[in-house]
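User: Please take a close look at one residue of this model and its surroundings, and then at how the two chains meet.

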Amino acid sequence: MKNNATKNILISISILFITIMLVIPLIAVIIYSLQDGIEAYKIAIFDKYTIKALQLTLLATVSAVVINTFFGIFAAWIITKFSFRGKHFLTTLIDIPFAISPVIAGLIYILVFGRTGWAYDFLQAYDIKIVFAVPGIILATIFVTFPFVSREIIPVLNAQGKDEEEAAALMGASGFKIFTKITLPHIKWALLYGIILCTARAMGEFGAVSVLSGHLRGKTNTLPLHIEMLYNEFQLSSAFAVSSILVIMAVIILILRTIVEYKGKKAGE
Amino acid sequence: MYVELKNINKLFGNFKASDNVNFEIEKGKLIGLLGPSGSGKTTILRMIAGLETPDSGDIFVDGIRINDTPPSKRGIGFVFQNYALFRYMSVFDNIAFGLQVQKQNKNYIKERVLELIKLIGLEGMEHRYPSQLSGGQRQRVAFARALAPSPHLLLLDEPFAAIDAKVRQELRSWLREMIEKVGVTSIFVTHDQEEAIEVADEIIITNRGKVEQKGTPIEIYKKPATPFVAQFIGQSTVYENNEDKIQLKGFEMIKSNEKAVIRPEFVQITKLGKLKHYMSAAEEGIVEKISFRGSYLEVNVKVKNIILTSNRSLEDEMIEVGEIVNVQIYRLYVFNENKTYLLENSAMADNNYIYI
């Protein structure tokens, strides 16, 4: 009986907390975005700059996810299947984006590629633009979302051990065959989960991108930056309308995440 | 010789996993690599397979030095300790994998795999996944998978370690039979001497990265070459002459720097007063414990503060705990740091001499 009371109290607190912190703000976003009527909402969403920002966000997200998926698999593979000097150091390095504030990540790139940066002359000579341009935004997004995929796969690969791969290698299977036939089926769900988390994080990235973007409307504005700009210009209902796009995308991703998690669990049984 | 290891050394950090290992194996033999855990037996197996590289020394298979041959080209089948079956492939695909990698003809693969499935007695289970099989069945699949590409040499790492005791018994004789049938030279690693003695044609005993002795189970049992083997093999009581200041009758010549190993089969227990020969060699002892072992009794008897173990037939006259009995020790293995030798009971030998 006493246990039951504790259980109920804890559940109530959790629900209350989640409602105040998450649900009410999300509902508020939707309500605010619609307060000037559905027409105003449409205008805000189909605005030229909003579409541009959405395109850039998608481009940055897709680039970051593709590159980080490759890198993540690669890093997780070498960390779990080989032993070498500095392995722990490498594992720690991968986690750096979790620990460092995104703003600092942006500043690092300014320092390296910016006007006073080390690589400036080189970039100038070949007419490559990174800072205040699209490549900079992609770079920043990659940096921030860098650990997600490898972090999800490493524990799964560790739990599997090396035996199956060794057995396949002994029979003469190539590295590629071993990966596609033995490793990939094993990490499939963890990999998908990592990709989804990576996508969600990449879409919402603000800090690092903000530093590198230069806020050129229609050129280097991503959705989160665009929202901030609208908000600063007191176009509140437009800002919330655009926000609702991100919220809807986030909800879709959350649903996908739940499905993947469920399927992964089932496959694990 | 079919497989030869010459002066193999391997270090893992400061740990000497192989210390100048040398041995040779004849074609078609089933060899047991026996030793306590950490004695370097699995390392030897993995070096032969090419999963580890020796720091120095040469490995020959069929007269060819294979040190620099990639593992996949060595023609070796390997059965892993925990099977390492591909868990996302069916039994059929597991066994077929090696053949598919070799890009064999599809019909041949099918024929070969079904033949192997029949050999291991898992017909009708080819579409099951490893998680749907029992431990013994997985072991069989792992065995078939290793055999599928027709290797010249089969290596098995602790093949029975992960299987419960009853199935293990069955699998041992099964494996022995299978290997005889297929006729492939095989080396298996084990820490269980009973298993090695029962399954292997020859046993190689390793300790601390060194090969202590190689021989048939009987040779190893009867003529332990090193002190380690004398103590490791069989159910042995170690006896020291000096410390306790006890001397067993007939073994007064054991020096103070020597120890001796006494095995149950060297000890004869007789009811008091029933002894007919070699009265002078008999000690008196108190029965401490009697354990029923199925077909015989194991008796612990205390003689001059040493607990000796002896086996007693159920046909013999019953004895009881606490009873005083006559104990004769026929012989024992004496060893010091560098040698072992068999020592017969001198009191009994003398008598013999007189009677002749």
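Analyst: In this predicted model, B:Lys339 lies in the loop that runs between strand E18 (331-335) and strand E19 (340-344) of chain B. When its neighbours within four places in sequence are left aside, B:Lys339 is in contact with B:Pro227 and B:Val334. The C-alpha atom of B:Lys339 is separated by 45 Å from that of B:Leu85, a residue 254 positions away along the chain.

Turning to the place where the two chains meet, 16 residues of chain A are in contact with 18 residues of chain B, and the two chains bury about 1700 Å² between them, with 66% of that area on carbon and sulfur atoms. On the side of chain A, the residues that lose the most area to chain B are A:Glu164, A:Leu170 and A:Met171, which together account for 42% of what that side buries.

Across this interface there are 2 salt bridges, including one between B:Arg87 and A:Glu164, whose closest N and O atoms are 2.8 Å apart. By residue class, the side of chain A that touches chain B divides into 8 nonpolar, 3 polar and 5 charged residues.

Methods:
Residues are numbered from 1 along each chain as its sequence is written. Chains are lettered from A and ligands numbered from 1 in the order in which they are written. This is a predicted model: local features need pLDDT of at least 70, side-chain atom pairs count only at pLDDT 80 or more; totals for chains, interfaces and linings use all residues. Side-chain values use heavy atoms; hydrogens and water are left out. Contact means heavy atoms within 4.5 Å. Buried area is the accessible area (1.4 Å probe) that two parts lose on being put together, summed over both. A salt bridge is a side-chain nitrogen of Lys or Arg within 4 Å of a carboxyl oxygen of Asp or Glu. Ala, Val, Leu, Ile, Met, Phe, Trp, Tyr, Cys and Pro count as nonpolar, Asp, Glu, Lys and Arg as charged, and the others, Gly among them, as polar. Helices (H or I, at least four residues) and strands (E, at least two) are DSSP runs, numbered from the N terminus.
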